[in-house]
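Please read the following report alongside the sequence and the three-dimensional model. It moves from a helix to a strand pair, and then to charged side chains.

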Amino acid sequence: MASSLSSTTVTGVRIDLLTREYPPNVYGGAGVHVENLAAVLRDRADVRVRAFGRPVAEDGVSGYPDLPELASANAALRTFGVDLAMAADCAGADVVHSHTWYANLAGHLAGLLHDVPHVLSAHSLEPLRPWKAEQLGGGYALSSWAERTAYLGAAGVIAVSGGMRKDILRSYPEVDPDRVHVVHNGIDLSGWNRDENPDAVRAAGIDPDRPAIVFVGRITRQKGLPYLLRAARRLPEEVQLVLCAGAPDTKEILAEVSGLVAGLQSERSGVVWIERMLPRDELCQVLSAATTFVCPSVYEPLGIVNLEAMACEAAVVGTATGGIPEVVEDGVTGRLVPIDQVQDGTGTPRDEERFVADLAEVLTEVATDPHRAREMGRAGRRRAEDHFSWGAIADRTMDVYRAVQR
């Protein structure tokens, strides 16, 4: 079931990283996280990566395609089939470390089967994403069960922000707080740099001579894209809106976003929608053309994309929720938009019109003051360098591994 390659031992400790996403199959922040974490941990331990699908040939990486017997089953059941194969192959690991609910069951079962500690990284929480029932149907009950079971049984839980740690303990109060450790996400600063290329962004439909607000993210409820599109109707005419948005969770959310974009494009110029996933070099060029980057999420454990924008020296406007305030320093590297949210797991603003108005006001403030926005962007790059390097994150992760082995 798995296509396995040997791995060179760096130390006597073997870490098996279990994940749905790994290059070339990356569509979100968790995949970026695992790719970078694996790279820096290899200097410190013997690392084996076990990922869904068939990764490109890479030393120490195994690919796990869906089981053909479950080809017509619910997506959650297909996930569980992959988890069983992963768990069986973790024999010999000293620690198994799973990422997202997709691989949490594999980590939990591997820990029990092979009598080793299971650590999991919390990139999101199923109780705080109830809209996923639209996507998974009855599979949402299965994903929620798998995640809860893994959290309650894990030897250690890594929260990617202090805000996420609070969410974990609120969602799963049975979890011992001493087992929940905060280790922020990081960014590979060598791969994310400012790259001003007017011709390239012009070819993408962006006018480099007009102020631009850039959004990058999947089309999912948690990213708050419909709120941004409603706020954009209140922006000054000269301000462009650039959407690098794809991978919709459902047909319904895609239809909603498509309708809002079409309506906006009928009212104003400078509404650019890039639906394909941009390679890093092109995304750096788009981010470098941004007067401000926007993260209107209603649920965001940390937001690696904010770090990517900061590394490209874009000022960041983000919702004051989850881990975003731990990344964006209000008034220094960007601005935070206040939000009062319903506490039912959806993250919905109690007053949606107020949130939309506040978002439009803050975006207008930053986008129409390019000098201040550039100062914020430079400060954002410095903050990314000082606080979110992968080397420091690898050391803190190894500390967690050592703690659970005692």
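The buried residues of α1 are Ala 30, Gly 31, Val 32, His 33, Val 34, Asn 36, Leu 37, Ala 38, Val 40 and Leu 41, where buried means under 20% relative accessible area, exposed means over 50%, and partly exposed lies in between (1.4 Å probe, protein chains only). This is a predicted model, in which local features need pLDDT of at least 70 and side-chain atom pairs count only at pLDDT 80 or more, while totals for chains, interfaces and linings use all residues. Residues are numbered from 1 along each chain as its sequence is written, and side-chain values use heavy atoms, with hydrogens and water left out.

Helix α1 is mostly covered, since 10 of its 13 residues are buried; helices (H or I, at least four residues) and strands (E, at least two) are DSSP runs, numbered from the N terminus. The 13 residues of α1 (residues 29-41) should span 18 Å at 1.5 Å a residue, and the end C-alpha atoms are 18 Å apart, which agrees; the expected span is 1.5 Å times one less than the number of residues.

## A parallel strand pair

Strands β9 and β10 (residues 271-274) run parallel and are joined by four bridges, two strands being paired if DSSP finds at least two bridges between them. Cys 244 has Ile 274, in β10, as its bridge partner. The chain passes from β9 through α9 to β10 in a right-handed β-α-β crossover, a term that applies if, with the strands pointing away from the viewer, the path from the first strand over the helix to the second runs clockwise.

## Salt bridges

How many salt bridges does the count come to? The count comes to 28, a salt bridge being a side-chain nitrogen of Lys or Arg within 4 Å of a carboxyl oxygen of Asp or Glu. Three of these pairs are set out below.

| Asp 249 | Arg 218 | 3.6 Å |

Asp 249 forms its salt bridge with Arg 218. Because Asp 249 lies in the loop between β9 (240-246) and α9 (251-267) and Arg 218 in strand β8 (residues 212-218), the pair ties together parts that are 31 residues apart in sequence. Both partners are covered, Asp 249 being buried at 18% relative accessibility and Arg 218 buried at 17%.

Glu 353 is partly exposed at 44%, and Arg 230 is partly exposed at 24%.

## A buried glutamate

Glu 126 lies in the loop between β5 (118-122) and α4 (132-136). Is Glu 126 buried or exposed? Glu 126 is buried, with a relative accessible area of 0%. Leaving aside neighbours within four places in sequence, Glu 126 is in contact (heavy atoms within 4.5 Å) with Trp 101, Lys 132, Tyr 140, Ser 143, Ser 144 and Glu 147.
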